[in-house]
Amino acid sequence: MLSSASSFSLSLLSKTPPSFLPNPKPYHSLHLKTLKPSSPQHLLTSFSPPLPLHCHCSPKISFSTIPNPKPNIGFALRAFSSYREVEEEDPTSFSEASDGCQDHLRVVREEKQTRFIPVKAYFPCTYIDLKGLVAQNQYNFIQPNSRASATNYVVLRYSEVDSLGLESSLGIGNNCCCMVVFHYGSVVLFNVNDHEVEGYLKIVLKHASGLLSEMRKDDYAVVEKPTLETWMQGGLDYIMLKNLNIDGIRTIGSVLGQSIALDYYIRQVDGMVAEFTDINRGMEENGNFTMKRKKLFQLVGKANSNLADVILKLGFFDRSDIAWKNANYAQIWEYLRDEYELTQRFASLDFKLKFVEHNIRFLQEILQNRKSDFLEWLIIILIGVEILISVYNIVRESAITSL
């Protein structure tokens with residue numbers, strides 16, 4: 001009789017509560033402990049302490065084996081009665097707690113699948129020999145998807161593990177990083193730690209020319225989330241993608257490379273603007289202009305070369321080949337250009353160059369007028385000397401004839 005009662009209590013408590021029973025409170029957990037098969041089947045119950053208020057998980061029912069306990073059927077029945085009393089207070093809390101627990105588990109699962117990939121952009125020089133770089137890093141070289149991209153940039157992948165199967169998926173594993181190198185001097189690193197940056201830059205600087213005294217740097221990030229509902233989602237200093245593959249690396253790298261290079265050229269033009277501002281301020285105070293003609297020509301050449309580099313070398317107005325072929329990557333390309341305000345920054349650069357051009361033209365006119373004045377005075381002096389010589393000759397001839 002005792003065994004049958006114990007079995008009946010166990011069958012009631014070990015199954016999901018039937019529909020006619022109210023749902024339990026979410027902050028109680030019921031633990032059922034059964035005996036080993038060698039001992040009489042007696043049922044024991046115990047309640048765990050209340051869960052924290054921020055936890056919304058549903059009640060847990062667990063089974064464990066206790067050796068040779070004393071029979072206590074009455075305690076088991078009282079526990080079952082208490083369980084029903086708890087249920088009667090809030091009939092809907094059990095289903096709500098179950099939904100909350102499922103949501104929590106889904107969030108945790110998504111967080112485990114989400115990967116954070118740091119991106120760092122550098123501008124250490126004004127030219128990089130891509131052919132020489134590829135020749136010495138042939139094993140790490142990733143074949144380009146078009147001939148045009150092969151002449152503008154290369155992608156190198158470095159990995160400690162060769163069996164990751166990255167060609168078809170990320171191109172960036174936990175032990176893998178990518179480096180996008182542009183011929184105009186930009187280097188974009190994906191998934192590289194700060195203490196490893198110098199080593200990767202040394203690989204590039206062996207084939208670089210026009211090294212800069214101050215290297216520009218920019219930080220960004222890519223968050224890979226396979227459960228993302230849309231293809232991409234922007235954020236503050238990061239972009240969230242369903243997956244990051246080689247085409248995504250090329251697209252993101254192209255925009256970041258242009259941005260860091262454009263920042264260098266903007267600073268160059270800012271320096272010219274500051275120099276002309278000082279000249280104009282000196283002319284305002286002293287009414288004098290002291291710049292030499294050679295210095296002015298150097299500024300003319302610098303302004304023209306900067307504009308040509310931005311348009312031709314950076315390919316600022318050229319759309320990415322991958323963006324032309326795939327609308328998803330076109331969306332990434334357009335978003336990043338808007339995020340980094342490339343169009344607005346180029347417009348600002350163009351405006352400053354026009355200011356520089358206007359000042360150069362004005363100063364050239366001043367130098368030209370100075371040269372014209374000098375030639376005019378030289379002609380006047382020569383004419384005067386000729387007149388004096390003529391007068392001297394006339395006086396001397398008249399003196400000779402008088403004798």
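## A tour of the sheet, its helices and a pocket

Start with the open sheet of eight strands, ordered S5-S6-S7-S8-S4-S9-S11-S10 with mixed pairing. Strands here are DSSP runs of E with at least two residues, helices are runs of H or I with at least four, and both are numbered from the N terminus. Two strands count as paired if DSSP finds at least two bridges between them. Select S5 (141-142) and S10 (232-235) to see the edge strands, each pairing on one side only.

A word about what you are viewing: this is a predicted model, where local features need pLDDT of at least 70 and side-chain atom pairs count only at pLDDT 80 or more, while totals for chains, interfaces and linings use all residues. Residues are numbered from 1 along each chain as its sequence is written, and side-chain values use heavy atoms, leaving out hydrogens and water.

**Stop 1: strand S11.** Select residues 238-241. S11 pairs with S9 (residues 208-224) in the parallel sense over three bridges, and with S10 in the antiparallel sense over four bridges. Now pick Ile239: it is the bridge partner of Val222 and also of Gly234. Between S10 and S11, which form a hairpin, are two residues; Asp237 in the turn has a positive phi of about 65°.

**Stop 2: helices across the sheet.** Show H10 (residues 327-339), which lies across S9, S10 and S11 and runs at about 10° to S10. Next show H7 (residues 246-286), which lies across several strands, including S4 (115-128) and S9, at about 135° to S9. Contact means heavy atoms within 4.5 Å; axes are lines fitted to C-alpha atoms, for helices over the stretch in contact, with angles from 0 to 180 degrees between N-to-C directions.

**Stop 3: a salt bridge.** Select Arg216 and Asp263, whose closest N and O atoms are 3.1 Å apart in a salt bridge (a side-chain nitrogen of Lys or Arg within 4 Å of a carboxyl oxygen of Asp or Glu). Arg216 is in strand S9 and Asp263 in helix H7, so this pair ties together parts 47 residues apart in sequence.

**Stop 4: the largest pocket.** Which residues lie nearest its centre? Select Asn152, Tyr153, Gln258, Asp318 and Ser320, from a lining of 22 residues. H7 gives the most to this lining, with four residues. A pocket is an open set of points on a 1 Å grid over the protein atoms alone, where a 1.4 Å probe fits, with protein on both sides within 12 Å along at least five of seven lines; lining residues have an atom within 4 Å of a point.
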